[in-house]
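Me: Got a new model to go through. Can we start with the charged pairs and then look at the surface?
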Amino acid sequence: MSDKLYIFDTTLRDGEQVPGCQLNTVEKIEVAKQLEKLGVDVIEAGFPVSSPGDFNSVIEISKAVTWPTICALTRAVEKDIDVAVESLQYARHKRIHTGIGTSDSHIKYKFNATREEIIERAVAAVKYAKRHVEDVEFYAEDAGRTENEYLARVVEAVIKAGATVVNIPDTTGYCLPSEYGEKIKYLMEHVDGIDKAIISTHCHNDLGMATANTLSGVLNGARQVEVTVNGIGERAGNTSLEEIAMILKCHRDIDIETNINTSKIYPTSRMISSLMNMPVQPNKAIVGRNAFAHSSGIHQDGVLKNVDTYEIIDPKDIGLDENSIVLTARSGRAALKYRLSTLGIELDGSKLDGVYEKFLKLADRKKEIHDDDILMLVGADTAENRAVRLDFLQVTTGMGVKSVASIGLDISGQKFEEASTGNGPVDAAIKALKKIIQKQMSLKEFTIQAISRGSDDVGKVHMQVEYNGHVYYGFGANTDIVTASVEAYIDCINKFK
């Protein structure tokens with residue numbers, strides 16, 4: 001009989017810590033429902049004490065999903081745990097995830113404590129959480145750089161205190177796969193009572209080894225992995241859910257199974273990429289747009305003769321339909337609704353009508369509509385309810401002439417118009433915008449990315465704008481890159497506090 005590996009998804013907690021990727025509660029519920037369809041065992045829904053928004057999200061996600069365990073993160077602090085308990089009141093299966101740093105660096109510089117004091121605080125936190133919920137997970141922050149003998153003492157103490165899961169994070173992404181695997185093996189062999197808890201991995205990708213470290217941990221006894229969709233997360237990100245799931249599916253010699261419905265991987269990836277405005281790199285394993293593309297003549301020849309020559313994964317296994325309907329200006333609502341459904345989005349009535357109208361306008365400008373185009377259209381719906389909206393934009397530019405932009409804005413129902421010259425069309429348009437929005441703000445970052453390929457492509461623009469000492473993140477998408485840039489700037493302005 002195969003061993004069971006539990007999938008702990010932290011897209012909505014660790015993944016959401018990426019600057020500019022914050023979701024509102026409605027969006028988090030949408031993601032949580034998709035994660036339930038995907039088959040994750042545990043959803044880490046947030047850090048309730050950190051903000052009212054996180055607290056409310058944990059409550060609403062608890063109501064929205066049925067069978068996954070809902071987990072709330074805390075520090076080893078009683079107030080944190082009290083707030084987490086309250087946020088989990090509606091969860092059918094609830095878990096508190098509490099912990100403390102265990103490396104000498106954390107003990108000395110973060111807590112100004114001793115090793116013994118850290119063990120005392122760890123045990124106290126687990127015991128306190130155990131009074132309220134049966135399922136308590138403990139994390140030993142920076143376990144990757146914690147000396148193994150001391151880490152074993154911590155793990156043994158928290159298991160005796162009642163921890164049902166113990167998380168061994170490589171917080172800084174420092175470990176080599178051999179080191180991390182050896183660490184898990186050491187714990188499995190030296191901790192009294194290790195059979196009473198599940199050991200979990202939580203690996204970061206700072207040196208590009210998150211997936212390798214996670215797999216090494218699993219092969220040495222860990223039976224829970226903490227992962228995110230598309231590998232998103234702080235700094236260089238976390239272990240990718242889709243990579244671990246497909247490694248185990250492809251390598252049948254590893255007799256370990258998960259509950260993941262792999263056919264939901266691709267739509268889940270695209271949904272989260274769209275909602276978080278976080279593009280998936282083209283060469284990303286499993287879900288990148290080039291993951292099943294073959295440009296080398298030798299590779300193409302081999303694939304045409306037998307797909308197994310260069311493809312180890314059937315695209316249909318991750319939800320990619322090779323015979324998917326191609327959407328054009330002649331496609332109807334039914335085709336659009338079907339494609340949205342395959343991407344994990346269900347729309348009906350007026351919402352579908354609104355997206356369909358935008359779809360037709362975009363299809364008139366493009367030969368084919370791609371999945372990312374559709375997701376962009378769905379995400380663009382939210383912009384219509386913002387206080388500041390773009391009414392019109394007209395730009396004159398070219399070699400040997402000064403760029404001039406005229407812009408019209410609708411601000412809470414009032415119309416404003418301005419014009420300006422600039423060093424290029426984007427500069428001219430933003431200067432005209434600033435004449436209307438008379439605030440001291442400065443552009444800190446400006447990134448353009450094409451969704452697919454071609455001169456008629458939709459371009460995505462990501463911006464960071466500084467205002468009143470705070471940095472705000474904005475996003476825009478349009479076949480006209482100047483318009484996309486202005487929409488991204490306006491998105492930042494709508495977030496000003």
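Me: Which residue does Glu-134 meet in a salt bridge?
Reply: Lys-130; the N to O distance is 3.2 Å. Keep in mind that this is a predicted model.
Me: Is Glu-134 buried or exposed?
Reply: Glu-134 is exposed, at 61% relative accessible area. Lys-130 is partly exposed, at 23%.
Me: How many salt bridges by this rule?
Reply: The count is 29. One of them pairs Asp-104 with Arg-115, also listed at 3.2 Å, N to O.
Me: What does the Asp-104 and Arg-115 pair tie together?
Reply: Parts that are 11 residues apart in sequence, because Asp-104 lies in helix H4 (residues 104–110) and Arg-115 in helix H5 (residues 115–130). Asp-104 is partly exposed at 44% relative accessibility, and Arg-115 is partly exposed at 30%.
Me: And Asp-491, what does it pair with?
Reply: Lys-495, with the closest N and O atoms 3.4 Å apart. Asp-491 counts as buried at 10% relative accessibility, since the cut-off for buried is under 20%. Lys-495 is partly exposed at 34%.
Me: Which residues do shared partners join into one network?
Reply: Arg-389, Asp-391, Asp-410 and Lys-415, linked through salt bridges.
Me: Switching to the surface. Which residues make the nonpolar patch?
Reply: Leu-443, Phe-446, Ile-448 and Ile-481, covering about 310 Å².
Me: Which strand gives the most to the patch?
Reply: Strand S14, residues 441–450, with 3 residues. Ile-448 is in strand S14 and is partly exposed, with a relative accessible area of 47%.

Terms used: Residues are numbered from 1 along each chain as its sequence is written. This is a predicted model: local features need pLDDT of at least 70, side-chain atom pairs count only at pLDDT 80 or more; totals for chains, interfaces and linings use all residues. Side-chain values use heavy atoms; hydrogens and water are left out. Patches are made of residues with over 30% relative accessible area and no salt bridge: like charges are joined within 9 Å, nonpolar side chains (Val, Leu, Ile, Met, Phe, Trp, Tyr) within 5 Å. Accessible areas come from the Shrake-Rupley method with a 1.4 Å probe; for residues, only the protein chains shown count as cover. A salt bridge is a side-chain nitrogen of Lys or Arg within 4 Å of a carboxyl oxygen of Asp or Glu. Helices (H or I, at least four residues) and strands (E, at least two) are DSSP runs, numbered from the N terminus. Buried means under 20% relative accessible area, exposed over 50%, partly exposed in between (1.4 Å probe, protein chains only).
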